[in-house]
Amino acid sequence: MLEISVSKSFDGLKVIENIEFKTYPGEFVCVVGESGCGKTTLLRIIAGLESFEGRITYRGKILDRRSIGFVFQDDRLLPWRTAIGNVLFGIEIRKKVSEEDFKLAKEILRSVGLQGFENYYPKELSGGMRQRLGIARAIAIQPEILLMDEPFASLDELSRAKMQEELVEIWEKEKKTVIFVTHSIEEAVFLASRVIVLTPRPSKVAGEVEIELERPRDRTSPDFNLYKKRVLELLRLR
Amino acid sequence: MNSRLKLLAFFTIIFLWYAVVGLKILTLPLPHEVGEKLLDLLVNPEPVLGKNLIQHSLASLVRVMVGSSIAFILAIPLGIIVGWNLKLDTYFSTMLEVFRPIPPLAWIPLAYIIFAGFANPVQLAQIFIVFLGAFFPCLLSTREFARATDKNLLEMACAFGASDSEVLRKIVIPSSLPGILAGIRIGLGIGWMTIVAAEMLATSGSGLGYFIMVMYEVGGRVAEIISGMIMIGLIGYLMNEVVILAEKKLLRWR
Ligand SMILES: Nc1ncnc2c1ncn2[C@@H]1O[C@H](COP(=O)(O)OP(=O)(O)OP(=O)(O)O)[C@@H](O)[C@H]1O
Ligand SMILES: [Mg+2]
């Protein structure tokens, strides 16, 4: 179990008042909140990229950076490495790459729909493919917690929906804890087991919504829309 | 298309040469006369110095390769380190900025004095001058690219738990590679110009610069002089092309 209780100011500007929540193993948590409320900052804090006040514990201990996989909003791929080279990046940092890891990397590329593109450079891939490669790189290190910062924000609606479905499939297979940041309510309700809603800056947890919908979820069903409404209400957009 | 334009450019030069001589604007041997001389000098030794043009070219090339290799071996790691670490940069840059404005050729007299005690002072001084000519462009180009390493990628590596040395090896060095190669290309170019000039100033017994100078001193043998100049141009061009080829191959990802 990951327990988070953090606050954060940037020289005088209070960004996070106090965000407090827990995640359970294998849970898919979506964090929603308006632009500028500190969602990226929250993920960066969890990943150890930002100083903060408060505490973060994982199974009762300080969270180790190496148990985290990070998928950035911009893909942050290494342009001089091919797709498979990028997937191996995180593994290389943990250990010497073996034949086995190579096979694993190929397997992961297949699972994100990039088979046949192993030797392509990032510039030769489309935006959606690059985003999938970013996800592949993060899951290749077999992290216990996967942090995702609006990874589909820059995609068109069609590929976005497709990527969401693929992500759910991957998550159902791997059963990692996922913390997924987004400002799309529909995306949150489609993906999450639980949605955590943040208030505007300085942010706190405004409330949580447990999403008890069967998967695969139907975006047009009345229940789906009911959940969207509940999240919206928490965001006080209405 | 590209190669046709290159050919056209080449023939334009030859044509202009014929025109300038034909219209008596300059008194020079004609292109085909020089061409004949050049081919002759490539295989047959020129009597005054007893060496053919290939031997002179090789002599110059060896000096350039030795001098610039030493320059690159030092400039590349230094460029990466100072580009990466801002504090070291301020320290080293200030030191180097003092030397940079001094043209390599201005070092020649001092270089002779420094190397006077060695077995082959002229050769050493020439290599040293090439070193100076190649070092700074390579250092500056490498440093600029190392410094411009994408901060987002550095942070990504951190998020994946990379150590400082891993960040250096896996992020900073590969992202500096275009700068390193450009530095090598520019450094070789300047090293080549420097060696020819340095050879003209001293009795080195061989080298294209020396050859040209001697051909002038024994009585203005224009065809020989121009042949030497053509060799200098040709070799400089080829060196550049080789590095460009390496760039194309190594930087396919760009
Ligand atoms: N390095 C920094 N220095 C100063 N202020 C910062 C820094 N990083 C973020 N902030 C501020 O913190 C606040 C939250 O930023 P953050 O990027 O976390 O928002 P966000 O919720 O991710 O927004 P968006 O949905 O637009 O991505 C913003 O007001 C921003 O100006
Ligand atoms: Mg953000």
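Start with A:Glu27, which has a relative accessibility of 7% and therefore counts as buried, the cut-off being 20%. This is a predicted model, so please take every value I quote as computed from it. A:Glu27 sits in the loop that joins β2 (13–23) to β3 (28–32) in chain A. A polar atom of the A:Glu27 side chain is 2.8 Å from the backbone nitrogen of A:Tyr24. What else does A:Glu27 touch, leaving out residues up to four places away in sequence? The list is A:Lys22, A:Trp171, A:Lys176, A:Thr177, A:Val178, A:Ser193, A:Arg194 and A:Glu210.

A:Glu150 is buried, with a relative accessible area of 8%. A:Glu150 lies in the loop between β7 and α5 of chain A, and its phi is positive, about 35°, although the residue is not a glycine. Chain B has a positive phi as well, near 60°, at B:Lys24, again not a glycine. B:Lys24 is in the loop between α1 (2–22) and α2 (31–43) of chain B. Is B:Lys24 buried or exposed? Its relative accessibility is 72%, so B:Lys24 counts as exposed.

Next, the ligand. Ligand 1 has 13 residues around it, and those that come nearest are A:Ser35, A:Lys39, A:Thr40, A:Thr41 and A:Arg201. A polar atom in the side chain of A:Thr41 is 2.5 Å from a ligand 1 oxygen. For A:Lys39, a side-chain N or O atom is 2.7 Å from an oxygen atom of ligand 1. A:Cys37 makes its approach through the backbone, with an N or O atom 3.3 Å from a ligand oxygen.

A:Pro202 is in the loop between β9 (194–198) and β10 (203–210) of chain A. The bond from A:Arg215 to A:Pro216 is cis too, with omega near -5°. A:Pro216 falls in the loop between β10 and α7 (222–235) of chain A.

Now helix α4 of chain A, residues 127–140. Its 14 residues, at 1.5 Å a residue, should span 20 Å, and the end C-alpha atoms are 20 Å apart, so the two agree. Twelve of the 14 residues are buried, so the helix is largely enclosed by the rest of the structure. Among the buried ones are A:Met129, A:Arg132, A:Leu133, A:Arg137 and A:Ile139. What covers them? The cover includes β6 (68–71), α2 (83–94), α3 (99–111), β7 (145–149) and α5 (157–174) of chain A, together with α7 (151–159) of chain B. After α4 of chain A comes A:Gln142, with a positive phi near 45°.

On to the nonpolar cores. The largest has 96 residues, and those with the most contacts inside it include A:Ile4, A:Leu42, A:Ile46, B:Phe135 and B:Ile171. Beyond its neighbours within four places in sequence, A:Leu42 is in contact with A:Ile4, A:Val6, A:Ile16, A:Ile19, A:Phe21 and A:Val31. There is a second, separate core of 49 residues, including A:Phe28, A:Leu125, A:Leu146 and A:Leu191.

Methods: Residues are numbered from 1 along each chain as its sequence is written. Chains are lettered from A and ligands numbered from 1 in the order in which they are written. This is a predicted model: local features need pLDDT of at least 70, side-chain atom pairs count only at pLDDT 80 or more; totals for chains, interfaces and linings use all residues. Side-chain values use heavy atoms; hydrogens and water are left out. A nonpolar core is a set of buried Ala, Val, Leu, Ile, Met, Phe, Trp, Tyr and Cys residues joined through side-chain atoms within 4.5 Å. Buried means under 20% relative accessible area, exposed over 50%, partly exposed in between (1.4 Å probe, protein chains only). Contact means heavy atoms within 4.5 Å. Helices (H or I, at least four residues) and strands (E, at least two) are DSSP runs, numbered from the N terminus. The expected span of a helix is 1.5 Å times one less than its number of residues. A residue is near a molecule or strand if one of its heavy atoms lies within 4 Å of it. A polar contact is a pair of N or O atoms within 3.5 Å; within protein, one must be able to donate a hydrogen and the other to accept it, and residues adjacent in sequence count only if both atoms are side-chain atoms.
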